[in-house]
Amino acid sequence: MANAAEQLGSETTHVDVVIVGAGISGVGSAYHLQQQCPDKSYVILEMKDTFGGTWETHKYPGVRSDSDLYTFGYRFKPWVGAPIASAEEILKYMGEVIEENQIDEHIRYGHRITACSWSSTDNLWTVTATRLADNTELTFTCNFLWMCQGYYDHEDPYTPDWPGMDQYKGLFVHAQLWDPKIDYAGKKVLVIGSGATAATVIPAMTDTAEHVTMLQRSPTYFMCSENRNELADRLREIGIDEPTVHRVVRAQITHDQDLMTKRCQSEPDAVFEELKEMVRHYVGQDFEFEPHFTPKYRVWQQRLAFCPEGDIFKAAVDGKLSVVTDTLETFTENGVRTASGEEIEADIIIAATGFKLSVMGEIPFQVDGQAVDWHDTVNYRGMMFTGVPNLVWVFGYFRASWTLRVDMLGDFVCNLLNHMDAIGARRVDVALRDEDTDMPILPWIEEDNFNPNYLMRDIDRLPQRGDKPEWRHNQDYWSERDEIPATDLDAPEFLYDGQRRSGGGVEQQAANA
């Protein structure tokens, strides 16, 4: 592996690649860069004091994955535990990846990026960052910028501006900002929200709290099953090695997920009946789904919450959890009042109300002195953007594990960097082709495809899409796993040093066409 960095001056460091973020995306991307581009120098800039990203941010009770670790884990490191894992287990796994591959030598913790600026004269990104330990401003230059910072604000979650919040005398906290020192034993707890966070925190609290109430505006779909993979257990039982178990079980899970996704579109009512039957397996055939567990949207239009062993439904049946489906009218001194007039008393109120979308980490970007408005760009397969050279953003999947795309784009970026070296190019852009002249330019994703509130609230801040495969993030791992590895890097949507290499010839183009 190349040296991590070249010092150009007391406060300037040059590397081939800057990776932004040491979470699940950044660590996986660093591994692929080391393996596939061993001569490239790189540094990872991480705002936090440690690795982990999401799994370091969230500390609420019971925090765990809601994707199976056979696919959420990296393809290059077998997962050997239960499919659904705690944050602690995921951090341990990531720590092993970092240690085993000496990635820690490349991570600069406690570095907050304040600006990124591209120069076409120098074909370089200049990244300025503040070292938080001593408030020193540092400068990094690089040939390529690999954005692995995720898609939501880790410091400022979404909290609606509810009336009367200043009246409330108890403890109010957003789940994302939960302090593990908070004592909820013997307390009345109200959780506002019904998504994956609520589905995780509620079962973790019901045995210790006096009582938990979930207030939801609309219900969520749940998938209940044992936290085990029968195929993985059987393969281990007959002595199959872990790398093979990992590969086969990943194939099984992605195959089953593909079928599930297609069925959610073609026969959503039948899928919902099957999801109900999974619930009944744990709490009995007479469990009532109306009105609290019957969503108004199609299955998988929003994230499907995993419910190991039916835990949240067991809590409801056992009387430890009450569910209220209503809108919140106002906070009161002792809790909240709903639109129907119901008073809910609570010593602790937890907002499980989701994320604030963060586009490129809210970092100011410039290209040749002009500020970048990401909504003015068109995305290439959800990772590159017109008018912004030498940059890839890792934006994973919603219906499949995020990390599947980390591995996939790791291959893509390394292929792209090696291709640029082979042809002697210093700059790569994506640009609309002649055939795209009349293509409609549309929002990032179709509302009937995937429409969680955090995405819909800020979709006008995201890059735009076209209606052709190249110009959209289709959220379909099962098509992309064939299409992206087969990408023709000399196709006309790619410009190298301002030129197209289509048809074997070279056609001069404006770099920001």
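1. Aromatic pairs number 40 in this predicted model. In one of them, W125 and F365, the ring centres are 5.7 Å apart and the planes stand at 85°, so the pair is edge-to-face. W125 belongs to strand β6 (residues 124-131) and F365 to strand β18 (residues 365-367); the pair therefore links distant parts of the chain, 240 residues apart. Both W125 and F365 are buried.

2. Another edge-to-face pair is formed by Y397 and Y477, at 5.7 Å centre to centre and with 75° between the planes. Y397 sits in the loop between β22 (391-393) and α10, whereas Y477 is in helix α12 (residues 477-483), so that 80 residues separate them in the chain. Y397 counts as buried, at 2% relative accessibility, and Y477 is buried too, with a relative accessible area of 12%.

3. Which residues have the most contacts inside the largest nonpolar core? They are L145 and F365, in a core of 142 residues. Helix α10 (residues 402-423) supplies the largest share of this core, 11 residues. Leaving aside neighbours within four places in sequence, L145 is in contact with V18, V20, C116, W125, V127, F365, N390, L391 and V392. Another core lies apart from the largest one; it has 13 residues, including L328, V336, I344 and A346.

4. How many disulfides does a search of the whole structure find? The count is 0. For C307, the nearest cysteine sulfur is that of C224, 3.6 Å away; a disulfide needs the two sulfur atoms within 2.5 Å, so C307 is in none. C307 is buried, with a relative accessible area of 1%.

5. An open sheet is formed by 5 strands in the order β8-β17-β9-β10-β13, with parallel pairing. At its edges are β8 (171-174) and β13 (321-325), each of which pairs on one side only. From one strand to the next the twist averages 20°. The pairing of β8 with β17 (residues 348-351) is parallel and runs over 4 bridges. Within it, L171 stands opposite I348 in β17.

Conventions
Residues numbered from 1 in each chain as written. Predicted model: local features only at pLDDT ≥ 70, side-chain atom pairs only at ≥ 80, totals over all residues. Heavy atoms only, no water. Pairing = 2+ DSSP bridges. Helix = DSSP H or I, 4+ residues; strand = E, 2+ residues; numbered from the N terminus. Axes fitted to C-alpha atoms, helices over the stretch in contact; angles between N-to-C directions. Core = buried A, V, L, I, M, F, W, Y, C linked by side-chain atoms within 4.5 Å. Buried < 20%, exposed > 50% of the residue type's maximum accessible area, 1.4 Å probe, protein only. Contact = heavy atoms within 4.5 Å. Phe/Tyr/Trp six-rings, centres within 6.5 Å; stacked < 30°, edge-to-face > 60°.
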